[in-house]
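Good morning, everyone. Please have a look at the model first.

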Amino acid sequence: MNMKIPVIIWGATGFTGGELLRIIARHPDMEVVGAVSRSKAGTPVGSVHPHLRFAYQDLNFISPEEGGEIDAGLVFLALPHKAAAETAKKRLSAGQKVVDLSADFRLRSHEQYRRWYETEHPCPELLKEAVYGLPELHRSEIAKADLVSGVGCNATSAIFALLPLANAGLIENARIECRVGSSEGGAEAKEGSSHSLRSRSLRVVSPFIHRHMAEVIQELSLPEDKISMTVTAVELVRGIQCLAHVTLNKTLREADIWKLYRAQWSKEPFVSVSPAKPAHFRIPDPKFVLGSNRILTGFALAEDGRRAIAASAIDNLIKGAAGSAVQSANIMYGKEETAGLEMMPIYPA
Ligand SMILES: NC(=O)c1ccc[n+]([C@@H]2O[C@H](COP(=O)([O-])OP(=O)(O)OC[C@H]3O[C@@H](n4cnc5c(N)ncnc54)[C@H](OP(=O)(O)O)[C@@H]3O)[C@@H](O)[C@H]2O)c1
């Protein structure tokens with residue numbers, strides 16, 4: 001008999017917590033045994049996530065105190081940073097494996113964490129054992145880890161756009177531009193998420209430097225002074241389109257770049273390279289991946305052979321958060337990496 005891995009989700013009322021609940025509801029090897037919330041303990045999961053009512057008819061949110069008593073092997077933390085690190089420390093000492101979706105364990109040094117998050121790390125001693133939770137980069141380390149970080153959604157989109165060029169040492173500089181949906185900001189109502197204020201705006205959230213740049217620099221080993229990142233909130237609920245405007249350090253032909261992208265991504269179960277034609281499908285559009293763990297990558301090369309647009313599209317709540325987290329957990333437990341994650345994108349969305 002297949003014994004399912006008992007899973008507990010902290011921050012289960014939030015957007016990424018909801019996506020974890022949705023994915024695990026149909027996961028062949030995992031089962032949610034606890035959904036923790038400070039504000040909704042005692043109320044049904046379906047009262048916050050109405051689309052999941054039928055999947056969790058008997059599951060109520062539980063308090064953090066109750067969550068601490070449940071003996072689940074695997075914990076997902078969908079909490080804000082800092083709160084996540086403190087909870088991770090307790091869960092690890094209770095013998096649980098932790099996948100933390102927050103930013104707390106993404107950077108390798110506490111100096112970098114202090115610099116980018118402008119606060120002291122609550123448990124810097126754990127940074128050395130945490131693995132950056134992007135399976136496409138760290139599969140073998142994730143397989144041995146008890147603590148895996150989540151990924152920054154914008155960072156994920158930039159990494160997928162740029163990895164083939166970065167690995168080939170071809171990037172002279174890159175201006176990364178992410179166009180993002182409102183769910184990036186989480187479920188809590190704030191000025192940035194107010195529908196009246198945000199809808200139909202093109203709001204540049206960060207013109208030049210964004211926290212997620214730290215992950216891109218770390219994971220692609222690129223020099224900081226050669227990278228910038230602009231994040232613009234656009235009229236989307238979900239989805240990120242990343243366009244990285246790259247100056248190449250040598251002249252290339254299109255065929256060279258096709259070769260690099262195909263070699264990098266052909267064996268990855270969730271990554272596709274956009275076709276060259278029709279022209280309007282060449283640059284990845286998040287509309288083609290929404291609701292799925294898929295990543296679309298693509299590129300265009302200018303006639304001079306020195307300027308390229310390296311691009312990607314993801315669903316920020318799935319490949320940029322809950323999907324990568326479940327993919328990592330599958331690897332931690334030696335399960336099929338794609339388990340629970342083979343849903344098709346919805347289209348049109
Ligand atoms: N949204 C994205 O696209 C995305 C992508 C990648 C990574 N992430 C990361 O994933 C984490 C969760 O993001 P989200 O978008 O799901 O956020 P969210 O919708 O705001 O949900 C976070 C949940 O955490 C709980 N919470 C809030 N403050 C807390 C605190 N101080 N201590 C304990 N619990 C607290 C809240 O639930 P209760 O009040 O019910 O306890 C809340 O529902 C964040 O660290 C975020 O950076 C988000």
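First, the ground rules. This is a predicted model, where local features need pLDDT of at least 70, side-chain atom pairs count only at pLDDT 80 or more, and totals for chains, interfaces and linings use all residues. Residues are numbered from 1 along each chain as its sequence is written. Helices (H or I, at least four residues) and strands (E, at least two) are DSSP runs, numbered from the N terminus.

Now the domains. The assignment gives domain 1 (5-130) and domain 2 (153-315). Such bounds come from an automatic or database domain assignment. Taken over C-alpha atoms, the two centres are 27 Å apart. Eight residues of domain 1 are in contact with seven residues of domain 2. Contact means that the C-beta atoms, placed from the backbone, lie within 7 Å. On the domain 1 side, helix H5 (residues 110-117) gives the most, with three residues. That side divides into four nonpolar, two polar and two charged residues. Here Ala, Val, Leu, Ile, Met, Phe, Trp, Tyr, Cys and Pro count as nonpolar, Asp, Glu, Lys and Arg as charged, and the others, Gly among them, as polar.

Where does the ligand lie? Domain 1 and domain 2 both give residues to the shell around the ligand, so it lies between them. There are 30 residues around the ligand, and Gly11, Gly14, Ser37, Ser102 and Gly186 come nearest. To be near, a residue needs its C-beta atom, placed from the backbone, within 6 Å of the molecule. The shell divides into twelve nonpolar, 14 polar and four charged residues. Helix H1 (15-25), helix H4 (83-93) and H11 each supply at least two residues. H1 gives the most, with three.

Next, H11 itself. H11 has a kink of about 40 degrees, centred on serine 324. The bend is the angle between axes fitted to the seven residues ending there and the seven starting there. Is H11 mostly covered or mostly open? Mostly covered: 15 of its 15 residues are buried. Buried means 20 or more other C-beta atoms within 10 Å of a residue's own, exposed means 12 or fewer, and partly exposed is in between, with C-beta atoms placed from the backbone.

Helix H9 (residues 213-220) has buried residues too, namely Met213, Ala214, Glu215, Val216 and Glu219. They pack against H5, helix H6 (135-144), helix H7 (153-167) and strand E8 (227-233).

Last, the backbone. Most residues other than glycine have a negative phi, and most peptide bonds are trans. Lysine 82 has a positive phi, near 80 degrees. It counts as partly exposed because it has 16 C-beta neighbours inside 10 Å. Glutamate 118 has a positive phi near 55 degrees, and it sits in the loop between H5 and H6. The bond from lysine 277 to proline 278 is cis, with omega near -5 degrees. The bond from tyrosine 347 to proline 348 is also cis, with omega near -5 degrees. Tyrosine 347 counts as exposed, because it has 11 C-beta neighbours inside 10 Å.

Conventions:
Two residues are in contact if their C-beta atoms, placed from the backbone, lie within 7 Å.
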